[in-house]
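Dear colleague,

I am passing on the structure we talked about, and I would be grateful if you could look through it with the notes below at hand.

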Amino acid sequence: MEKISGQWKINDHSAESDLHFAHRELADSYWSKDIPFETVKKAAENSICINVFSGDEQIAFARVITDKATFAYLCDVIVTEKHRGKGVGKELMRFIMAHPDLQRLRRFTLATHDAHSLYEKSGFTSPRFPDRQMEISKPNIYKEDGDQKD
């Protein structure tokens, strides 16, 4: 799937994903600080990857983990700093929400610390039954010493 939106090209062509761009941005993010390149590569290989380009330069990336029938998890949404605040995130979300493999899902989830308003525009809300959700959280898993303390 591909869409031209103004000056941006958005697609789900995994072969076009610049994983060095994704790794650089993710390794500096609050949610995957210091993530190894091989982890980014393996994650991308097992996900729907969405790319946004301005000319030949990749300026945004997102991954969706899904069974394409009942469940999806949106993660690793990044827009390079110099392109933030220009509508790239909104166009990226429109593309994701229209993706044919992500229609008629029973549950579509994500986690965010600071972008609630972006995702709310696409229909995301706080969990209806938060008491039913559980997780194993290892926020510092990529630190060299493996120390899991916050």
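Predicted model: local features only at pLDDT ≥ 70, side-chain atom pairs only at ≥ 80, totals over all residues.

Residues are numbered from 1 along each chain as its sequence is written, and side-chain values use heavy atoms, with hydrogens and water left out.

I begin with the cores. A nonpolar core here is a set of buried Ala, Val, Leu, Ile, Met, Phe, Trp, Tyr and Cys residues joined through side-chain atoms within 4.5 Å, where buried means under 20% relative accessible area, exposed over 50%, and partly exposed in between (1.4 Å probe, protein chains only). The largest such core has 25 residues, of which Leu-74, Ile-96 and Phe-108 touch the most other members. At least two of its residues come from each of β2 (8-11), β3 (48-54), β4 (57-66), β5 (71-79), α3 (88-98) and α4 (116-120); helices (H or I, at least four residues) and strands (E, at least two) are DSSP runs, numbered from the N terminus. Helix α3 provides the largest share of this core, namely five residues. Apart from it lies another core, of 11 residues, with Leu-19, Ala-22, Ala-44 and Ile-78 among them.

As for charged pairs, the structure holds eight salt bridges, each defined as a side-chain nitrogen of Lys or Arg within 4 Å of a carboxyl oxygen of Asp or Glu. One of them joins Glu-91 to Lys-3, with the closest N and O atoms 3.4 Å apart. Because Glu-91 lies in helix α3 and Lys-3 in strand β1 (residues 2-5), this pair ties together parts that are 88 residues apart in sequence. Glu-91 counts as buried, at 10% relative accessibility, whereas Lys-3 is partly exposed, at 32%.

A second example is Lys-41 with Glu-45, whose closest N and O atoms are 2.8 Å apart; both residues lie in helix α2 (residues 37-45), four residues apart, or about one turn of the helix. Here Lys-41 is partly exposed at 31% relative accessibility, and Glu-45 is exposed at 52%.

Lastly, Lys-33 and Asp-28 meet through their side chains in a salt bridge (3.3 Å, N to O), with Lys-33 partly exposed at 44% and Asp-28 exposed at 56%.

With best wishes
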